[in-house]
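Subject: Structure handover

Hi,

Here is the structure for you to look over. My notes on it follow below.

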Amino acid sequence: MHGYPHLDTARAAITALYRRLSPEGVRRYAPSVAPADVAFSDHDDLHLGTQRVAHALVQQLRLPDARVIVSFRDMEHAASVELTAGPEYFVELNNRFRTHRRDIGAALAHEITHVLLHRLGLTFPGTRDNEILTDTATTYLGAGWLLLDAYREDRDSSQKLGYLTPEEFGYVLAKRALVFDEDPRIWFTSPQGYTAYAKGRAQALRDEQQPPLTTAGRLGRHRYAKERRYALDHPGRADGAPDPALPYAFEHLPDGLRVAFPCPTCHQRIRVPVRGRVRARCGLCGTVLECDT
């Protein structure tokens with residue numbers, strides 16, 4: 001699967017992380033886990049190498065420093081984790097990772113993030129959305145680039161870990177890169193992962209170029225002006241923007257017309273008065289936005 005079928009859920013997951021951790025808490029996850037700390041060659045001892053990589057990921061995800069007990073067995077999925085109170089973490093990996101050791105870090109990153117979210121009490125309803133939350137949290141908190149780098153395709157085989165599409169992994173990774181001022185492109189060993197990141201980054205940058213932000217392009221500004229005129233001419237409508245696909249919506253309130261739109265950083269909805277140039281601060285992540293309403 002490709003494209004952005006889970007984008008709304010991934011955005012909601014980013015919002016949930018900021019709400020649960022706070023902006024200061026999110027920034028504690030800088031920098032991303034370093035490639036050298038999770039590198040795994042075929043010459044490394046399987047169990048010692050797995051313990052080393054798992055320890056690096058526990059540190060990256062700011063979990064209590066406890067031992068990760070990893071075992072290998074035949075199973076349908078890539079991995080599973082036992083969500084207990086600790087202090088040890090029990091992870092099972094698919095037997096195929098015995099011979100695909102370069103991807104052990106990716107599998108462990110997802111499962112150890114399950115432990116983190118369990119301890120934070122952060123969950124989404126339903127298995128699908130909860131797994132998307134886990135993929136998003138893994139990526140946004142600095143360990144998920146491994147999952148995108150595990151995406152590979154060639155003439156004879158293909159592999160993708162996680163529930164997000166490659167482009168969605170690229171999108172979330174780019175959202176993190178914009179906040180943390182990182183360039184993950186230098187970490188990729190997978191050409192397909194690199195390409196997916198480039199596509200996801202383009203999508204992430206479009207979030208920063210939507211009206212009423214002053215960085216919006218000419219066509220977006222023209223469309224916004226049209227919808228604003230419609231809203232002003234139809235004050236009886238609960239929603240002045242007739243197209244629900246637009247990222248913004250106009251609201252008629254007693255003190256005048258307002259426009260609501262998602263924060264490009266955390267996707268919390270922001271409401272500002274329609275009165276020309278205004279500066280808005282997101283109440284959740286604190287991002288300051290220059291708007292032309």
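Asp103 and Arg152 form a salt bridge, with the closest N and O atoms 2.4 Å apart. (A salt bridge here is a side-chain nitrogen of Lys or Arg within 4 Å of a carboxyl oxygen of Asp or Glu.) Asp103 sits in the loop between E3 and helix H4 (104–120), and Arg152 in strand E4 (residues 152–153), so the pair ties together parts that are 49 residues apart in sequence. Both Asp103 and Arg152 are buried. (Buried means under 20% relative accessible area, exposed over 50%, partly exposed in between, with a 1.4 Å probe and protein chains only.) Helices (H or I, at least four residues) and strands (E, at least two) are DSSP runs, numbered from the N terminus.

Before you read on, note that this is a predicted model: local features need pLDDT of at least 70, side-chain atom pairs count only at pLDDT 80 or more, and totals for chains, interfaces and linings use all residues. Residues are numbered from 1 along each chain as its sequence is written, and side-chain values use heavy atoms, with hydrogens and water left out.

Other salt bridges

The whole structure holds 13 salt bridges. Asp207 pairs with Arg11, with 2.9 Å between the closest N and O atoms. Asp207 belongs to helix H8 and Arg11 to helix H1 (residues 7–27), so this pair ties together parts that are 196 residues apart in sequence. Asp207 and Arg11 are buried. Salt bridges link Arg11, Lys175 and Asp207 in a network.

Arg128 and Asp129 form another salt bridge, at 2.4 Å between the closest N and O atoms. Arg128 is partly exposed because its relative accessibility is 41%. Asp129 is partly exposed too, at 21%.

Glu182

Glu182 lies in the loop between helix H7 (166–180) and helix H8 (191–207). Its relative accessible area is 18%, so Glu182 is buried. The Glu182 side chain makes a polar contact with the side chain of Ser32, at 2.8 Å. (A polar contact is a pair of N or O atoms within 3.5 Å; within protein, one must be able to donate a hydrogen and the other to accept it, and residues adjacent in sequence count only if both atoms are side-chain atoms.) Leaving out residues up to four places away in sequence, Glu182 touches Pro31, Ser32, Arg176, Ala177 and Trp187. Contact means heavy atoms within 4.5 Å.

Aromatic rings

There are seven aromatic pairs. (Rings of Phe, Tyr and Trp, the last by its six-membered ring, pair if their centres lie within 6.5 Å; planes under 30 degrees apart count as stacked, over 60 as edge-to-face and the rest as tilted.) Phe188 and Tyr194 have ring centres 6.5 Å apart and planes at 80°, so they are edge-to-face. Phe188 also pairs with Tyr197, tilted, at 5.9 Å centre to centre and 40° between the planes. Phe188, Tyr194 and Tyr197 make up one aromatic cluster. Within it, Phe188 is buried at 12%, Tyr194 is partly exposed at 40%, and Tyr197 is buried at 2%.

E1 (residues 68–73) has a covered face of Val68, Val70 and Phe72. Its uncovered face is Ile69, Ser71 and Arg73. Six bridges join E1 to E3 (residues 89–94), and the two strands run parallel. (Strands pair if DSSP finds at least two bridges between them.) Phe72 has Leu93 in E3 as its bridge partner.

In H9 (residues 218–233), the buried residues are Arg221, Tyr224, Ala225, Glu227 and Ala231. They pack against strands E6 (249–253), E7 (256–262) and E10 (288–292).

Best wishes
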